[in-house]
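Trainee: I'm new to this one and would like a close look at a single part. Could you walk me through the place where the two chains meet?

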Amino acid sequence: MEKPCVLARKFGNQEAVYSCLSSLVEEHFTVIDLETIASQPEFNQKIQAILVWGCCSFLNRSLLQVLPNLKVVVSGGAGVNHLDIPLINSFGVKVCNTPNAVGNATADLAMGLMLASARNIIQGDSFSRCHEEGQDIDESHFGRDVSSKTLGIVGMGNIGYKVAKRALAFDMKIFYHNRRRRPVEEERMVGAEYCPVLEDLLAVSDYVVLLVNLSKASTHLIGRKQLSAMKSTATLINVSRGMVVDQEALVEALQNKTIQAAALDVTYPEPLPRDHPLLSLPNVIVLPHMGTHTLETSCHMIKQMMANVLAALAGETPPDEVIV
Amino acid sequence: MEADKPLSLISGVGGKHGFSEEHADLIRQHFQTVCYSDLLINPHLYAPKIQAVFIWKSNPVIQRCLLQSLPSLKVIATEGVGFDRLDLRYIANMGVKVTNARGVASDATADLAMALLLASARRIVQGHQTAAGGPEPTAAGPHRLACDVTGSTLGIIGMGDVGYKVARRSTGFEMNVLYHNRTQRSSEDEEAVGAGYCGNMDDLLRNSDYVVLAVNLSPGATALIGRRELSLMKPSAILVNVSSGLVVDLDALVQALQSGTIHSAALDVTHPDPLPRSHPLRSLPNVIATPHLGFNTASTVRRMVQRMVHDALAVLADPGRPGSSPVQV
């Protein structure tokens, strides 16, 4: 029997599923890529699902209008800020994400960024590759402790909680800020103390990790005022979305030594232009949004995406439907 | 009173092996200090009065002739690194105590091991280079994707203070922990970090996704990891070394990394240190190498010096009793 058709960017392209994982999709579906429907519109009515991996600038009203049998849009990852969900829903199409597949990999990367920044791993590696005989490390190579320091988690959802768990094993003192306080028992399990006022958390933290969803309320959550509230020895780590931080204010804060360092998996835009100041500041790590780019996690995400598509096509409730 | 403070010997202030001014001041709160070069110029003035030596980065070098020239010497305080170069038996026979600031460095060293493990697994160095405008790794494929850490198997070789603290840190990542050590730890210790003992190191090597070397250097530990051991490891495995460069056969490691016998390595230590300019390790894409950072964070180094001073004072206060972290011969 013919497999149902899904629309996706061609495997291996930017913002497309990795070629090595294509079989996970093709096991269930025939994949039609964007170039094909552009040149062969007769495929339009076969499309029952759209797979989104990363950005999706192609997903607009004019596309939705020509896909009469579209039932679901499934995006890999937790964030859905790149999707116009009300627009998609208005066509009777469900939207799903894969929030539970990404938690561990993202929490791991948050810890990795904190430690890499704290211990000057990147500068150290550069030095090792290039240094001359007789050139020694000096105090400028010394890093900062992580163990027993204070961590402030902004956004204590699923991923924030996983970061707390990891930080606890480093004997860190943990504060968190969240719209809602977690139950006391959950706080106790990770040794986390609630800060209803964000600035209070910022004032005491040696490391601040951002793990909020991007929304109107969280856009530029960390701006000039919040950066000034931080310790001058503090490090800001962002693995949520670039827009959670006022990037210009961050550049200024780093240049003026208002804070000590930053480690970012996310920026806006992505990627940053090559001459952006963040890319040349000495105490800044920038990664090209690789929070979930591990083999196992990518496999989990795709399998979860497949489960959501299969459920939607069968008329069942998908496990990860996003309701706004 | 300044003159009441006991006299101590240090290699110097500033330079490769010296204390920083800030740390020298910490020592001078409780001790007078004489630099090694001044002792050589004026031995009669200083040698009879030196009661303590503070060794930093293995300097000053303690040779028998130096020991014989210091009749008042009661304690040699080290930061733990390089006390293996001391002739402990000879020193003990002279009635001199040695202290090694046990435990101070272990948190920072364990942190560094985890930092190297995560940086290597998650391709943080390559990622930063890509974001800063470096070339994208060529050929899409599984090797471009990073390695998961959560839920993987960690093999720790050397389960002393540092190894144990690495095990503890890995529990937050739900890692399955195996360890190899000359002696097995107590079952309480093992349970606290969920670690399983591998009496046979080969078993650990075969089953680990990450292998962390945290052994103390000893004759048995030299070239502990050679061609044979590397060939037992998984081709997807990552080797992390925060112990000593001598523990790994570097030529064998280079070959293993070039041939895909193992996936990557992250090393804080190499032998020699530094490596010559042309050494192949310096240009391998699947290596992270840090310049022997060890426990070097500003606050740990400060605490280290404070502990050395404290330990030395304790010995001087009661020469018959061991210092707070004495080395037993």
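Mentor: Here is a walk through the contact between chain A and chain B. Keep in mind that this is a predicted model, with scores of ipTM 0.93 and pTM 0.92.

Let's start with how much of each chain takes part: 56 residues come from chain A and 57 residues from chain B. Together the two chains bury about 4900 Å², and 56% of that lies on carbon and sulfur atoms. On the chain A side, look for Arg119(A), Ile121(A) and Arg129(A), which supply 14% of the area that chain A buries against chain B, more than any other three residues.

Now for the polar side of things. The interface has 30 residue pairs in polar contact, counting pairs with both residues at pLDDT 80 or more. There are also three salt bridges across it. One of them joins Lys165(A) to Glu174(B), with their closest N and O atoms 2.7 Å apart.

Which elements of chain A give two or more residues to this side? They are helices H5 (103–118), H6 (121–130), H7 (158–168) and H12 (295–313), plus strand E12 (284–286). H5(A) gives the most, with nine residues. Sorted by class, chain A's side has 26 nonpolar, 14 polar and 16 charged residues.

How values were computed: Residues are numbered from 1 along each chain as its sequence is written. Chains are lettered from A and ligands numbered from 1 in the order in which they are written. This is a predicted model: local features need pLDDT of at least 70, side-chain atom pairs count only at pLDDT 80 or more; totals for chains, interfaces and linings use all residues. Side-chain values use heavy atoms; hydrogens and water are left out. Contact means heavy atoms within 4.5 Å. Buried area is the accessible area (1.4 Å probe) that two parts lose on being put together, summed over both. A salt bridge is a side-chain nitrogen of Lys or Arg within 4 Å of a carboxyl oxygen of Asp or Glu. A polar contact is a pair of N or O atoms within 3.5 Å; within protein, one must be able to donate a hydrogen and the other to accept it, and residues adjacent in sequence count only if both atoms are side-chain atoms. Helices (H or I, at least four residues) and strands (E, at least two) are DSSP runs, numbered from the N terminus. Ala, Val, Leu, Ile, Met, Phe, Trp, Tyr, Cys and Pro count as nonpolar, Asp, Glu, Lys and Arg as charged, and the others, Gly among them, as polar.
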